[in-house]
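User: I would like to learn about aromatic rings in a protein. Please take me through them step by step.

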Amino acid sequence: MFYARSLVLYALLCICSTNDDSKIKNASKPVRLFTEEELQRYDGSEDGQPIYMAIKGVVFDVTTGKEFYRKGASYNALVGKDSTRAVAKMSLDPADLTHDTTGLTESQLQSLEQIFKGTYKAKYPIVGYTSRRVLNEDGSPNKDFKPEDQPNFKIKDEF
């Protein structure tokens with residue numbers, strides 16, 4: 001099944017178009033797919049380890065902002081997971097530390113989009129995508145997936 005998902009992902013990526021957004025900070029090396037468990041490893045708790053955070057299924061390397069994201073820092077709760085809801089609501093409530101946007105107001109969704117583009121995509125390199133962004137719950141390809149203008153996004157053999 002894992003191999004089948006890899007083939008589906010590869011086919012999906014071959015047909016995806018990219019956005020033309022000159023403000024996007026491109027990754028210097030190929031980006032990859034992260035499971036929730038893998039993303040948790042980059043939670044700022046280990047010195048020398050990169051710090052990753054996902055918003056809308058896009059994984060950013062926020063290590064350059066480690067004064068905000070490292071263990072014990074003010075925004076550490078946001079890293080090592082997809083914190084889309086928390087960013088939209090500007091919240092650090094544990095209940096908001098999720099990818100789920102169900103029930104957000106139009107104002108919160110607009111805020112999310114503004115912060116996503118104006119802060120994270122402009123400031124931090126994209127290092128990958130969450131599996132939830134690329135695949136649907138049943139393992140089928142997410143037809144709405146766009147690789148956020150990352151020309152180096154490739155499916156690796158281990159996927």
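Analyst: Start with a definition: rings of Phe, Tyr and Trp (its six-membered ring) pair if their centres lie within 6.5 Å; planes under 30 degrees apart count as stacked, over 60 as edge-to-face and the rest as tilted. This is a predicted model, where local features need pLDDT of at least 70, side-chain atom pairs count only at pLDDT 80 or more, and totals for chains, interfaces and linings use all residues. Residues are numbered from 1 along each chain as its sequence is written, and side-chain values use heavy atoms, leaving out hydrogens and water.

User: How many aromatic pairs does a search of the whole structure find?
Analyst: The pairing rule looks at ring centres, within 6.5 Å. Searching the whole structure gives a count of nine.

User: Are the rings of Phe-34 and Tyr-52 stacked or edge-to-face?
Analyst: Their centres are 5.6 Å apart. Their planes meet at 80°, so the pair is edge-to-face.

User: Is Phe-34 buried or exposed?
Analyst: Buried means under 20% relative accessible area, exposed over 50%, partly exposed in between (1.4 Å probe, protein chains only). Phe-34 has a relative accessible area of 1%, so Phe-34 is buried.

User: Which residue lies over the face of Phe-34?
Analyst: A charge sits over a ring if NZ of Lys or CZ of Arg is within 6 Å of the ring centre and within 35 degrees of the ring normal. Here the distance from the ring centre is 4.3 Å, and the residue is Arg-32.

User: Which residues do ring pairs link into a cluster?
Analyst: Tyr-69 and Tyr-124 form an edge-to-face pair, 6.3 Å centre to centre. Both are buried. The cluster linked by ring pairs holds Phe-60, Phe-68, Tyr-69, Tyr-75, Phe-116, Tyr-120 and Tyr-124.
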